[in-house]
Amino acid sequence: MGVARHLTPDLNAAVDREIADWGTAGKVKKLWAGDASLWTGKDESRWVGWLRIAAEQLAGVAHLTRFAEEVRSEGFEHAVVLGMGGSSLAPEVLARAFGRQPGFPALTILDSTDPSQIRTLEKSLHLARTLFIVSSKSGSTIEPNLYHRYFYEKTKAAVGAERVGRQFVAVTDPGSPLEAVVTKDGFRQIFHGVPSIGGRYSALSDFGMAPAAAMGLDVQRFLESAKRMADACGAPAAGNPGLELGAVLGALGNRGRDKLTIIASPAIADFGAWLEQLVAESTGKLGHGLIPVDGEPLGGPEVYGQDRLFAYLRLTPEANDPQEAAVLRLRAGGQPVIQIEIAGRYDLGGEFFRWEFATAVAGSILGINPFDQPDVEASKIETRKLTSEFEETGALPPEQPIFQEGGVKLFADPANAAALGSQSSLGAYLRAHLNRLRPGDYLALLAYVERNEEHSRALEKARREVRDTKRVATCVGFGPRFLHSTGQAYKGGPNSGVVLQITCDEAADLAVPGQRYTFGVVKAAQARGDFEVLAARGRRALRVHLPAPVGQSLRSLVEAIRTLM
């Protein structure tokens with residue numbers, strides 16, 4: 001249950017001092033009491049419901065086991081979570097870590113407005129045999145509401161108006177706008193979130209556990225793992241696994257080791273995507289915080305700078321983890337590594353809690369409020385402005401590229417355009433942009449394209465080339481998914497990011513029922529709103545717009561980057 005630290009003596013000493021301070025000052029007790037003075041003295045006390053949710057869920061677990069039996073008896077082939085960020089990432093971890101359970105539907109997630117992504121999902125479903133879980137804490141998040149409209153109408157056409165509601169459930173906070181809508185639509189069930197738990201801390205609430213029940217997991221066993229970890233995190237200092245991890249994150253973050261690089265055994269690799277959101281949204285604000293790096297291919301010690309902390313989550317039963325030798329080389333090369341042994345997949349329940357607790361601890365050490373996300377809200381506001389304009393005028397505001405070549409268009413705000421200078425080719429612009437990377441920086445490749453294996457491989461190749469040449473951390477985000485996750489840190493965290501935003505023409509758009517705008521228009525508005533906030537925050541950003549077909553154009557872009565390295 002503990003954390004194995006492989007740190008230099010000075011870093012170890014810094015962590016030990018933090019743990020001792022927490023013990024002397026009784027800070028663990030303050031955290032469990034939700035004492036806002038532990039953080040910034042604002043509204044933090046309103047957001048600590050996650051501390052006791054495992055015990056509360058175990059006391060009322062019957063509502064989840066009943067739901068699981070209902071789903072089994074209906075014979076659904078698929079269960080699809082329609083959500084974003086905290087509503088989708090924990091269920092995705094479970095779906096990928098456990099796979100399909102006998103007698104239960106396969107669980108999949110939709111968290112993109114990319115028309116191709118939605119179309120690909122729809123083609124994989126037998127609508128008459130699919131359960132949809134519309135998941136939104138606020139009930140007003142644009143993406144789940146659009147997914148609801150789209151698949152409700154499609155399913156109604158397939159099964160009829162009398163039956164369609166039986167194939168939908170909702171997870172939302174009490175009294176939300178979504179609750180009123182789904183009551184009218186006749187959903188079979190509504191699960192309620194806990195108002196005092198923010199989205200990214202909601203994995204053990206019904207936002208995570210209702211999908212877990214739908215896919216046939218032993219929810220009680222999962223929650224018991226979380227309860228054991230919560231009990232262990234009550235220790236005042238030594239032996240508290242959440243405090244020790246949080247002290248490492250906070251102490252090293254304050255000493256420039258702010259690129260938390262996540263390595264997880266292949267069977268639990270998707271845990272990194274959930275962890276990205278938790279760490280980025282919780283700590284990346286006010287010009288400070290940790291930048292989580294997930295999915296970056298491992299290299300030798302020589303390709304990393306002095307800004308890394310590696311967290312290795314090792315699934316103990318998984319023999320011959322191919323990453324283990326690389327982790328040993330990192331340790332031998334002097335890079336700081338922490339290692340957590342996970343006894344089995346059901347112990348992910350404990351890991352959800354450990355990292356939530358550790359993130360709250362790190363937030364205190366870093367001097368920030370770990371429960372707000374001000375820059376995520378800024379992007380949502382800009383998106384709403386653009387979609388509202390489209391509804392009124394039938395078009396998004398015109399924009400002028402700073403350069404065009406072979407169907408590729410480049411866009412930048414005036415400050416970034418001036419910094420790049422006037423260049424004569426696409427390659428020259430890319431070179432000028434990537435040359436803005438300095439030691440301690442990171443590259444963020446933010447791609448508003450379908451998240452599939454082909455596109456993921458291309459972006460992985462690009463990030464590896466940049467990492468190995470520039471010796472900087474690299475992050476990849478698929479839009480709009482990352483807007484509800486790492487986007488907070490890219491805009492509000494340390495100004496050490498160089499952003500390459502990638503957008504594309506739509507091969508075929510998709511209509512949104514009852515709206516003038518389409519899914520493609522929403523995605524375009526999200527990308528443009530995202531870029532506007534990046535520019536307003538003074539970030540080094542360039543947008544590359546690719547022509548269709550996007551796969552071919554993306555490969556060409558990656559090849560252009562490779563030739564520059």
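**Close-up views of a predicted model**

**View 1. Leu 286 sits in a loop.** Leu 286 lies in the loop between helix H12 (271–283) and strand E8 (291–294). Here helices (H or I, at least four residues) and strands (E, at least two) are DSSP runs, numbered from the N terminus. Although Leu 286 is not a glycine, it has a positive phi of about 55°. A word on how to read these views: this is a predicted model, in which local features need pLDDT of at least 70 and side-chain atom pairs count only at pLDDT 80 or more, while totals for chains, interfaces and linings use all residues. Residues are numbered from 1 along each chain as its sequence is written, and side-chain values use heavy atoms, with hydrogens and water left out.

**View 2. The whole protein chain.** Let us step back for a moment. The protein chain has 21 helices and 16 strands. Its radius of gyration is 23 Å, close to the 24 Å that the globule rule gives for 565 residues, so the chain is as compact as a globular protein of that length. The radius of gyration is taken over C-alpha atoms, and the globule rule is 2.2 Å times the number of residues to the power 0.38. Along its principal axes, the C-alpha trace spans about 60 × 60 × 45 Å.

**View 3. An open sheet of five strands.** The strands of this sheet follow the order E3-E2-E4-E5-E6, with parallel pairing. Two strands pair if DSSP finds at least two bridges between them. Strand E3 (106–110) and strand E6 (189–192) are the edge strands, and each pairs on one side only. On average, neighbouring strands of this sheet are turned by 20° against each other, direction ignored. Look between strand E4 (residues 130–135) and strand E5 (residues 168–172): they run parallel and are joined by four bridges. Val 134 stands opposite Ala 170 in E5.

**View 4. Two helices lie across the five-stranded sheet.** Helix H4 (residues 62–74) lies across E4, E5 and E6, and runs at about 150° to E6. Helix H7 (residues 142–159) lies across strand E2 (78–82), E3, E4 and E5, at about 155° to E4. For these angles, axes are lines fitted to C-alpha atoms, for helices over the stretch in contact, and angles run from 0 to 180 degrees between N-to-C directions. Contact means heavy atoms within 4.5 Å.

**View 5. H7 packs with H20.** Two packed helices are described by the angle between their axes and the distance between the axes. H7 and H20 pack at an angle of about 175°, with their axes 12 Å apart. They are therefore roughly antiparallel to each other. (Angles under 35 degrees count as roughly parallel, over 145 as roughly antiparallel, 65 to 115 as roughly perpendicular and the rest as oblique.) Which residues meet here? In H7, Ile 142, Glu 143, Leu 146, Tyr 147 and Tyr 150 meet Phe 519, Val 522 and Gln 526 in H20.

**View 6. H15 packs with H20.** Helix H15 (residues 374–393) and helix H20 (residues 519–536) pack at an angle of about 135°, with their axes 8 Å apart. H15 and H20 are therefore oblique to each other. Residues making the contact include Ala 378, Leu 386 and Phe 390 of H15, and Val 521, Ala 525 and Val 533 of H20.

**View 7. An open sheet of six strands.** This sheet has the order E11-E12-E16-E15-E13-E14, and the pairing is mixed. Strand E11 (403–405) and E14 stand at the edges with a single partner strand each, so one side of each is left without a neighbour in the sheet. The twist averages 15° from one strand to the next. Strand E13 (residues 442–447) and strand E15 (residues 497–504) run parallel, joined by six bridges. Leu 446 has Gln 501 as its bridge partner in E15. Helix H18 (residues 453–470) lies across E13, E14 and E15, running at about 160° to E14.

**View 8. Two cis peptide bonds.** Pro 480 lies in the loop between strand E14 (473–478) and helix H19 (487–492). Another cis peptide bond joins Ala 548 and Pro 549, with omega about -5°. Pro 549 is found in the loop between strand E16 (540–546) and helix H21 (550–564).
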